[in-house]
Amino acid sequence: MQSLKPSVPILLSLFLLFSAYSDIFLHKTLADGVTPEEAKQLRDEVREMFYHAFNGYMDHAFPLDELRPHSCGGEDSLGGYALTLLYLVIGTRFATSVEWIGKNLQFDINKTVSVFETTIRVLGGLLSAHFIASDYATGMRIPTYDNQLLNLAEDLGRRLLPAFDTPSGIPFGSVNLMHGVDEHESKITSTAGGGTLTLEFGVLSRLTNNPIFEQVTKNAVRGLWARRSKLNLVGAHINVFTGEWTQKDAGIGTSIDSFYEYLLKAYLLFGDEEYLYLFQEAYAAAMHYLYNDPWYVEVNMDSAAVVWPLFNSLQAFWPGLQVLAGDIDPAIRTHTAFFSVWKRYGFTPEGFNLATFNVQHGQRSYPLRPELMESTYWLYKATRDPKYLDAGRDMVASLQHSARCPCGYCHISDVEFHKQEDHMESFFLAETVKYLWLLFDLAVGPDNLVDNGPYKYIFSTEGHLLPATPEISLVQEHCSYFGACCNTSNIRQDASDVATNPQDNLYGRVGTGFPSNSRFSDSTAISGLIKGVCPGLTHGQKFGITYVSPSHRAHEDDSRNQGDLTTAESHSMMVVPKQNSDYSLSETKNYHENLVKSSEGEPATDAPQK
Ligand code: DMJ
């Protein structure tokens, strides 16, 4: 077991896969700062960083979950299933890695695990590797591969399903892989935890032709959205039984971040317009109530009163998401602001107070997070502005100078004193280093699967590649997929329901997470769920909701809330919730297509104007 050293994650493996092209450079100066030659050197340096940490893991921690990079040991931090290896699958020894996982991994273990972390790290890793192992078009197909990873993914997915059996449809935060939900399991979960499962579960449904995985996670999103405030904001924590918010702070970072991310990405991957519709509403509200150009604050979800004038490091994914949504201008300004914090300390602290312009007390660490690198990559991809290469170079320099430790990279426990901590989360390799490598590879290549591969790829929130194959990205959802049909009487019924009783609708109704009479695998009683796939209807009719435009809501609520708005002032900035933002993403679809095309050569500059 120890002799097996599968190396490099999916993307980094592309160094080797496409190494024949690696000497192709753009013969022009990319930037005053980073020249093409430097970009290549930086790409190589990032590759070396990866190997330093990955070999450290394989030599000292495997098959435990994660590496202790300072003491050169290992720890089981999640489920005890070789998380880092699973998470990184795979590389030059792709076939042996897949074989090891197929033979050795099993989920019939008496462990209670996080539904969210297990989905985004383990399920996503298995599915992503399955695509590569089984597809000729990637050039990495394994002839002997016989769906072992997909079978494991399906087994894992089934073990997670009991978590969704709640009155709201929003899953418990944790589940025991052998016994289901523990009797005393907490009923409180985060919005990100309940709303960031759609990509992995949706892919699993489409690969196994079993709709249950997709249904439960979509239902969870609906359950969360049904409980949004009048301002179209969601809180941070919710009771999955009562549906009451236990933490009403709305923001784009901690505890909520990837809820927004998966609304847009589920649309981009699956072509399911319901997600686009939700994203448009949620995004417009976020930009209206949370955006204080260029920063974002946390507000009470009901009153919009500012509760935390903080930049928290998880927010740094947002400019990248905005690139995908086509809202480039605010993304550029926000990235500049976030990066100014990085430059000041060499890292981003978990919390940075926007009123005092200092590190937030108790939030001084940098646990090797990838979010700023991710946004830097996306902004460079969209704009080709060389300042993003300079930013990437600064990030590499900080990591090398202060985080590198004997067997990998160490968390920084205090960004002001650059104190190291003996811990390395697996996302450092799967995301942080990956996005840095992709950034420099774009400048000198690109020589990677994302940019050159046979499909459009969506990155999961954990950096796993999910390809938009015809099987996954159904051109148009249709009734037969769900084993049901939209007949005209159903359609009329749905429309009149909405007209006469706008409260009793798909998003407004508080009901069981599962269709009645259903126990996970019953796909017949899903008439409510197929509303969204009947063709030729308006949004309201399709999704069973009465659409109230955010601007109308905003006007109503602005007058009510004027007195509630809190102003936090400091010597360096003023935090005042911005009024009258009018965000429209109607051109998102076209823009995204353009961006995808731009990765084939031309920069995408015509983002829709707000
Ligand atoms: C990652 O595990 C995921 O991106 C998650 O969605 C939130 N951020 C962490 C890393 O910071």
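Mentor: Let us begin with a term: helices (H or I, at least four residues) and strands (E, at least two) are DSSP runs, numbered from the N terminus. The model is predicted, so local features need pLDDT of at least 70 and side-chain atom pairs count only at pLDDT 80 or more, while totals for chains, interfaces and linings use all residues. Residues are numbered from 1 along each chain as its sequence is written, and side-chain values use heavy atoms, with hydrogens and water left out.

Trainee: Which residue does a cis peptide bond join to phenylalanine 62?

Mentor: Omega of this bond is about 10°. The residue lies in the loop between α2 (36-60) and β1 (66-68). Phenylalanine 62 is joined by the cis bond to proline 63.

Trainee: How many helices and strands does the protein have, and what percentage of its residues count as buried?

Mentor: The secondary structure comes to 21 helices and 23 strands. Buried means under 20% relative accessible area, exposed over 50%, and partly exposed in between (1.4 Å probe, protein chains only). Of the 610 residues, the share that counts as buried is 63%.

Trainee: What share of the contacts with a separation of 6 or more comes from residues 24 or more positions apart?

Mentor: Contact here means heavy atoms within 4.5 Å. Among contacts with a separation of 6 or more, residues 24 or more positions apart account for 72%.

Trainee: Which residues does the "active site" annotation cover?

Mentor: The annotation comes from an unreviewed UniProt entry. UniProt positions are given in the numbering used here, feature names are shortened, and annotations may be inferred rather than shown by experiment.

Trainee: Is glutamate 371 buried or exposed?

Mentor: Glutamate 371 lies in helix α14 (residues 371-383). Leaving aside residues up to four places away in sequence, it touches Ser313, Leu314, Ala316 and Phe317. Because its relative accessible area is 11%, glutamate 371 is buried.

Trainee: Which residues surround the ligand?

Mentor: A residue is near a molecule if one of its heavy atoms lies within 4 Å of it. The shell divides into three nonpolar, two polar and five charged residues. In that count Ala, Val, Leu, Ile, Met, Phe, Trp, Tyr, Cys and Pro are nonpolar, Asp, Glu, Lys and Arg are charged, and the others, Gly among them, are polar. The ligand is surrounded by Asp257, Ser258, Leu314, Arg369, Pro370, Glu371, Phe427, Glu431, Thr461 and Glu462.

Trainee: How far is a polar side-chain atom of glutamate 371 from a nitrogen atom of the ligand?

Mentor: A polar contact is a pair of N or O atoms within 3.5 Å; within protein, one must be able to donate a hydrogen and the other to accept it, and residues adjacent in sequence count only if both atoms are side-chain atoms. An oxygen atom of the ligand is 2.7 Å from a polar backbone atom of threonine 461, and an oxygen atom of the ligand is 2.7 Å from an N or O atom in the side chain of glutamate 462. For glutamate 371 and the ligand nitrogen, the distance is 2.8 Å.

Trainee: How much of the ligand's accessible area does the protein cover?

Mentor: Accessible areas come from the Shrake-Rupley method with a 1.4 Å probe; for residues, only the protein chains shown count as cover. On its own the ligand has 290 Å² of accessible area, and the protein covers 92%.

Trainee: Which elements give two or more residues to the shell around the ligand?

Mentor: Look at the helices that contribute to the shell. The elements that give two or more residues are α10 (257-270) and α16 (427-444).

Trainee: With which side chain does the side chain of asparagine 448 make a polar contact?

Mentor: Asparagine 448 lies in the loop between α16 and α17 (449-452), and at 0% relative accessibility it counts as buried. Its side chain also reaches the backbone nitrogen of valine 450 at 2.9 Å. The side-chain partner, at 2.6 Å, is aspartate 441.

Trainee: What is phi of alanine 304?

Mentor: Alanine 304 is found in the loop between β11 (298-300) and β12 (306-308). At 2% relative accessibility, alanine 304 counts as buried. Its phi is a positive value in a residue other than glycine, near 70°.
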